[in-house]
Amino acid sequence: MSGIEVRNLTKRYGPVTAVDDLSFTVRPGAITAFLGPNGAGKTTTMRMMIDHVAPTSGSVTIGGRRYRDILRPTTVVGAVFDAASFHPFHSARDHLGIYAAMGGYPSGRVDELLELLGLAEAAGRRTGGFSTGMRQRLNLATALLGDPRVLLLDEPSNGLDPEGMAWLRSFLRDLADAGRTILISSHVLSEVQQVADDVVVIREGRLLAAGSLRDLSSTSQAVLVRTPDATELGQILAPAAYLVEANGPQELRVRGLDPSRIADLAAARGLRIHGLTAEHPSLEQLFLDLTGERTRP
Ligand SMILES: Nc1ncnc2c1ncn2[C@@H]1O[C@H](COP(=O)(O)OP(=O)(O)OP(=O)(O)O)[C@@H](O)[C@H]1O
Ligand SMILES: [Mg+2]
């Protein structure tokens, strides 16, 4: 098994705490989205996974080992970060060939990957003229040279058009179905919503939510409560709920409590409920609730 385990990971840069006592796991055979607004600590966390950044404290293991203890790390973990650059006068084939030689991979692997990533036609062209999408594919090809079981992609959909994103989604799905561990970061939920099985949400370096996207969607389910006793009921529900807000003078929107619990809490205080309706769940709203300025009442 080659899951990722992040344990009490912390990274401080002087007064800035980029990652703050973060713990979560990423399982094999699934695509996990690593979400958080700009500056949340996603890149820093992912760089700590591959020893590009030294943690202040805490640890990361991949398949039970720390990165530095893995014998041939590029055969276990492939990583793609934004800033990867190519020599502009090298062709895609040159670029991959150099990395294949450095990693000691058979040269046949280069053409295999160019084919797999749809770069066969462009293989002889200088990378200096490559589009963003082609660069992303070449980055991905480089990370896949060692046929790694774990793939880390930092904001892979940056600069991709819808067609490129659809291609990336199905490409990653195939890798996950083959049992690989895939972690992709994004600051936009809608980009990964269609592809992720699991999500890990952070803000200011701290964990906000982790679990299957399906479970998180049901948490985001809101209940609309019609009641002439809105103020009093709101005060009673607030400590137990994730979020309570007024939705008109005689209506509350409640997240994190199911209808029967709301009814019981109201009945215990003799408060009236004239209607309970499940609101259409919105993951986007949950993400905004979690990461945005809106906080618990
Ligand atoms: N080398 C560094 N020196 C000082 N501060 C840093 C360094 N790297 C990151 N930080 C700070 O750590 C915090 C987390 O940054 P990080 O790049 O990990 O966030 P992110 O979630 O990847 O954001 P984005 O969505 O913008 O890519 C930010 O406040 C950032 O300014
Ligand atoms: Mg980043």
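**Briefing: an open sheet and its helices**

Four strands form an open sheet in the order 11-12-10-13, with antiparallel pairing. The model is a predicted one. Helix 8 lies across part of this sheet, namely strands 10, 11 and 12. Elsewhere in the chain numbering, helix 2 (residues 92-103) and helix 3 (residues 108-116) cross with axes within 9 Å.

**Sheet**
- The edges are held by strand 11 (243-246) and strand 13 (275-278).
- Each edge strand has a single partner, so one of its sides has no neighbour in the sheet.
- Direction ignored, neighbouring strands are turned by 20 degrees against each other on average.

**Strands 11 and 12**
- Strand 11 runs antiparallel to strand 12 (residues 251-255), and four bridges join the two.
- Leucine 243 stands opposite arginine 255 of strand 12.

**Helix 8 on the sheet**
- Helix 8 spans residues 230-237.
- Strand 10 (222-226) is one of the strands that helix 8 lies across.
- Helix 8 runs at about 10 degrees to strand 12.

**Helices 2 and 3**
- The axes of helix 2 and helix 3 cross at roughly 130 degrees.
- That angle makes helix 2 oblique to helix 3.
- The crossing of helix 2 and helix 3 is right-handed.
- Helix 2 contributes Ala92, Arg93, Leu96, Gly97 and Ala100 to the contact.
- Helix 3 contributes Val110, Asp111, Leu113 and Leu114.
- The contact residues divide into six nonpolar, one polar and two charged.

Key. Residues numbered from 1 in each chain as written. Chains lettered and ligands numbered in written order. Predicted model: local features only at pLDDT ≥ 70, side-chain atom pairs only at ≥ 80, totals over all residues. Heavy atoms only, no water. Axes fitted to C-alpha atoms, helices over the stretch in contact; angles between N-to-C directions. Parallel < 35°, antiparallel > 145°, perpendicular 65-115°, else oblique. Left-handed = near helix turned anticlockwise from the far one by under 90°. Contact = heavy atoms within 4.5 Å. Nonpolar A, V, L, I, M, F, W, Y, C, P; charged D, E, K, R; others polar. Pairing = 2+ DSSP bridges.
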